[in-house]
2 protein chains.
Amino acid sequence: MNDTKHKIAIVGFGKIARDQHVPSIAGEPAFDFAAAVSRNATAEGVDNFDTLEALFANRPDIGCVALCTPPQVRFDMAAAAINAGKHVLLEKPPGSTLAEIDTLIALAEKKGVVLFATWHSRYAAAVEPAKAWLKDKTIEKVEIVWREDVRRWHPGQAWIWEPGGLGVFDPAINGLSILTAILPDPIHVTRANLEFPENCQTPIAAQVDFTDARGTPVKADFDWRQTGPQTWDIVVSTREGEIALSMGGSRMAIDGVEKIAEPDREYAGIYAHFAELLESGTSLVDASPLRHVADAMMLGRRTIVEAFYD
Amino acid sequence: MNDTKHKIAIVGFGKIARDQHVPSIAGEPAFDFAAAVSRNATAEGVDNFDTLEALFANRPDIGCVALCTPPQVRFDMAAAAINAGKHVLLEKPPGSTLAEIDTLIALAEKKGVVLFATWHSRYAAAVEPAKAWLKDKTIEKVEIVWREDVRRWHPGQAWIWEPGGLGVFDPAINGLSILTAILPDPIHVTRANLEFPENCQTPIAAQVDFTDARGTPVKADFDWRQTGPQTWDIVVSTREGEIALSMGGSRMAIDGVEKIAEPDREYAGIYAHFAELLESGTSLVDASPLRHVADAMMLGRRTIVEAFYD
């Protein structure tokens with residue numbers, strides 16, 4: 001039975017790898033967690049390597065890699081894995097630039113491997129039902145509020161404040177990945193205010209306005225300074241009623257009546273879908289959430305705010 | 001004979017409209033300059049309107065519009081023109097966000113009109129010859145230097161320093177539009193330093209590193225503070241020799257031997273190509289130069305430099 005499983009290596013063995021990828025792979029019959037690549041950390045019960053090259057040289061039987069490194073170093077690793085003929089799963093965001101993602105797509109196609117850019121929030125329980133409900137509605141306005149405590153979720157992760165680290169857009173992109181999945185019409189940024197701590201290269205908060213071709217107002221409030229209860233809410237007001245997603249898309253209410261309240265199964269959903277993509281030999285890469293971030297960073301007004309110390 | 005010409009209105013009657021669009025339309029037999037839309041300026045010898053709506057209401061015979069307004073207000077006008085069934089020519093950059101460009105493409109397709117996002121520098125004399133020469137070469141490194149005097153080219157244009165105005169990327173995107181046209185492989189930003197004057201929302205200079213899937217080094221030096229002679233150079237070093245484009249792509253030398261030296265015919269080329277697109281009913285929109293700007297703004301390190309006063 002074990003021989004029919006896809007052997008997979010996790011590259012970048014940090015918090016998200018340990019908290020989410022390892023248990024999700026363990027819970028998915030199609031995969032076998034076979035190795036880890038990390039400069040600092042060690043995974044128990046599997047082969048550990050310092051570099052991708054060592055992995056490829058010593059374990060040619062491993063056909064898949066999950067890249068969980070920070071986005072700034074992801075392209076070179078993804079390109080190396082694709083060139084080595086490996087199927088590649090990319091943690092979000094799929095890269096630090098939009099252009100590199102297209103280069104990877106072309107490379108994966110050329111090499112005949114599967115490239116899967118994951119957006120874990122799209123596997124939250126309410127996302128597909130919300131998309132189906134909104135399909136034939138007339139949308140009047142949209143509000144998205146994503147407010148978290150950066151100290152709780154990213155302790156000591158200095159890369160998020162460095163160029164390419166995205167700052168508050170690192171969590172906000174989860175909300176944007178849901179929003180872009182559920183809305184029937186594409187949106188674009190019209191105005192953004194970006195709050196940069198005076199000692200950081202990425203914003204700690206952002207207020208972003210979007211609209212669509214019909215002029216629908218879409219307001220986003222992203223903040224990484226929220227202590228206490230955390231907020232991951234999307235409310236879409238339509239002529240036919242209001243749909244509210246909360247807890248990052250795991251709960252859904254229509255006109256105040258709860259329809260869905262599920263525990264988190266996002267990363268399990270990612271690996272189940274990766275198995276399907278491998279089965280059909282299909283890549284899946286949607287850069288649109290990151291494109292909205294790039295647009296906001298290009299178009300936004302920069303405001304300097306209080307310094308941030310972890 | 002006049003009846004077979006495409007009647008065209010220029011929207012946004014500023015410096016670029018007067019200096020380039022009016023004479024280029026006059027020189028292109030396929031077009032008839034029929035009206036201008038501007039809040040401040042007046043074009044001689046044609047109907048003038050304050051708004052697009054007034055143009056559409058009073059001159060339904062005009063089937064094409066050239067949008068020469070600043071990018072921050074271009075989307076609403078482009079969408080209105082497309083919805084009114086007009087063919088649309090967009091000055092560069094085609095928008096202030098990448099997402100809005102895709103929305104316009106979809107809208108134009110739905111309405112059956114031609115959308116043409118122009119990059120005037122791609123019509124410089126050396127661009128197509130350089131592209132053809134580079135096609136089968138092994139590229140070793142690329143250098144692009146785009147250094148101009150902002151006071152000479154954009155006197156009093158405050159919008160370039162406002163969010164969405166792009167700053168030095170407004171001229172640099174001309175160089176990027178050439179670079180993306182002539183290089184055989186796609187590139188992506190790996191590092192950027194963005195110099196923001198302390199009183200401005202957009203950079204006055206930027207040093208940007210790119211690479212491709214082969215790891216080729218591509219170095220860009222963009223600066224808007226150059227007085228005296230202006231520099232618009234691209235040098236591509238290949239295993240088979242060196243090709244140098246200068247004067248914004250109007251001159252080309254191979255291994256130091258001049259091959260092309262032509263006067264500026266860029267905007268004439270735009271209108272000749274627009275006539276072809278209208279003939280075949282084909283849209284042409286390549287967002288890749290703007291995508292590199294968005295990537296640089298998302299990934300770049302921000303450095304604060306001396307205040308700029310026009």
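Mentor: One term to start: buried means under 20% relative accessible area, exposed over 50%, partly exposed in between (1.4 Å probe, protein chains only). Also, this is a predicted model, where local features need pLDDT of at least 70, side-chain atom pairs count only at pLDDT 80 or more, and totals for chains, interfaces and linings use all residues. Residues are numbered from 1 along each chain as written, chains are lettered from A and ligands numbered from 1 in the order written, and side-chain values use heavy atoms, without hydrogens and water.

Trainee: Phe13(A) and Phe33(A), buried or exposed?
Mentor: Both Phe13(A) and Phe33(A) are buried.

Trainee: How many aromatic pairs over all chains?
Mentor: 16. Rings of Phe, Tyr and Trp (its six-membered ring) pair if their centres lie within 6.5 Å; planes under 30 degrees apart are stacked, over 60 edge-to-face, the rest tilted.

Trainee: Why do Phe13(A) and Phe33(A) count as stacked?
Mentor: Their centres are 6.3 Å apart and the planes are at 5 degrees, so they're stacked.

Trainee: What about Phe31(A) and Phe274(A)?
Mentor: That pair is stacked too, 5.5 Å centre to centre with 10 degrees between the planes. Phe31(A) is buried at 2% relative accessible area, and Phe274(A) is buried at 0%.

Trainee: Which residues cluster with them?
Mentor: Phe116(A) and Tyr271(A) form one aromatic cluster with Phe31(A) and Phe274(A).

Trainee: New topic: where's the charged end of Lys137(A)?
Mentor: Over the ring of Trp133(A), 4.3 Å from its centre. The rule is NZ of Lys or CZ of Arg within 6 Å of the ring centre and within 35 degrees of the ring normal.
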